Amino acid sequence: MTNNDEVEQLFNIIDESTEILMKELDSSYLDALIETGDNLISGEVHIEDGKPSTSARHNLEHFYEETNIKQLNAEVVRQALQLAILNASQQDHIQANHQMTPDTIGMLFAYLLQELLADTKTLTVLDPAVGTGNLLTTIMNDIHQNHKETKISGIGIDNDDSMLAMADINSRLQNLDVDLFHQDALDQLVFNSADVAVSDLPVGYYPIDVRVKKYQTHSTEGHSYVHHLLIEQAMNHVVASGFGLFLVPTNIFQTDQAANLLNYCKNNIYLQGFLNLPKDLFTNASLQKSILIVQNYGTQAKQASKVLLGDFPSFKNQKEMKKFLDEIKQ
């Protein structure tokens, strides 16, 4: 059976179980999906106040017996869960900042990291806006697949408990070593530093001005851009000479708050690359995103003589894409 068949089979089981729980618990699809994930992890149906009913419980037990989740490849589990989360975002009309990062972007992040960190034996990856964990687990799986000898762990932060519950299910069902923190990522963080930071950054204004006064990227007037603040916070928690890869708006250096961000970059980190994603990925030009590559100061770091600048060709054009990736490698 191909991986696609396994993904589809597992998705169908997750989806049907979730639909049953949705009716039984009178809940949103996302809440029922979290319950399904918890049941799959524990291997039994959780019952509270007599719900779900006996007949529903038997149906669910039958579904769970069909899935030998521990035997499945982590990528099969991730892709099946991703389909279920996409279903949740359609059914529950989940807000745009909570939409998942597409797989192609996760694979690009993983490719770039593997080029930047060729000989690393242990790697801790931080995502300060982890959401459902799709970007983080895509990267971890990809690196693990290509570098079996690398011991990889993750750290994820999010202030949305439903998203974080999904990230927890995502990482546990894939048997990945991920520590998750339910908090505002711009508040004080409580873990040791990571080797690298990655994130599909939420874009917009941060509402609590007093909390971000100490940040160099904060705005002197009105609210500050949350994506600027998160770059600074993430790099503060990455080791010396460590990298940060961030998905950012393509116009990040052309806004009214760009001066503070550029100033921060000039004094604290090396700006090593800025790669524009293909225009055909976005419904209109103003939504276009780019991958920002930065590096902390340190003995193993210096400013690249040529900053990596460029436009990715369309992902549909495999020949051009391979050529572009070869240029990045050089």
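Student: Which residues does Ala56 touch, not counting residues up to four places away in sequence?

Tutor: Ala56 touches Ile20 and Glu24, where contact means heavy atoms within 4.5 Å. Keep in mind that this is a predicted model, in which local features need pLDDT of at least 70 and side-chain atom pairs count only at pLDDT 80 or more, while totals for chains, interfaces and linings use all residues. Residues are numbered from 1 along each chain as its sequence is written, and side-chain values use heavy atoms, with hydrogens and water left out.

Student: How many residues apart along the chain are Ala56 and Glu24?

Tutor: They are 32 residues apart along the chain, and their C-alpha atoms are separated by 7.7 Å.

Student: Where is Ala56 found, and is Ala56 buried or exposed?

Tutor: Helices (H or I, at least four residues) and strands (E, at least two) are DSSP runs, numbered from the N terminus. Ala56 is found in helix 3, residues 54-66. Buried means under 20% relative accessible area, exposed over 50%, and partly exposed in between, with a 1.4 Å probe and protein chains only. Ala56 has a relative accessible area of 4%, so Ala56 is buried.

Student: How do I read the backbone angles?

Tutor: Most residues other than glycine have a negative phi, and most peptide bonds are trans. Here, the peptide bond from Lys51 to Pro52 is cis, with omega near -5 degrees. Pro52 lies in the loop between helix 2 (29-42) and helix 3.

Student: What is phi of Asn175, and what is phi of Ser241?

Tutor: Phi of Asn175 is near 55 degrees, and phi of Ser241 is near 70 degrees. Each is a positive value in a residue other than glycine. Asn175 sits in the loop between helix 7 (161-173) and strand 3 (178-182), and counts as exposed because its relative accessibility is 64%. Ser241 belongs to strand 7, residues 238-249, and counts as buried because its relative accessibility is 10%.

Student: Which residues form the negative surface patch?

Tutor: Like charges are joined within 9 Å, and nonpolar side chains (Val, Leu, Ile, Met, Phe, Trp, Tyr) within 5 Å. In this structure, Glu16, Glu44, Glu61, Glu65 and Glu66 form a negative patch. Helix 3 gives its largest share, 3 residues.

Student: Where does Glu44 lie?

Tutor: Glu44 lies in the loop between helix 2 and helix 3, and at 53% relative accessibility Glu44 counts as exposed.

Methods: Patch = residues over 30% accessible without salt bridge, like charges linked within 9 Å, V, L, I, M, F, W, Y side chains within 5 Å. Areas by Shrake-Rupley, 256 points an atom, 1.4 Å probe, with all protein chains shown as cover. Salt bridge = Lys/Arg side-chain N within 4 Å of Asp/Glu carboxyl O. Lys, Arg positive; Asp, Glu negative; His and termini not counted. Charge placed at Lys NZ, Arg CZ, Asp CG, Glu CD.
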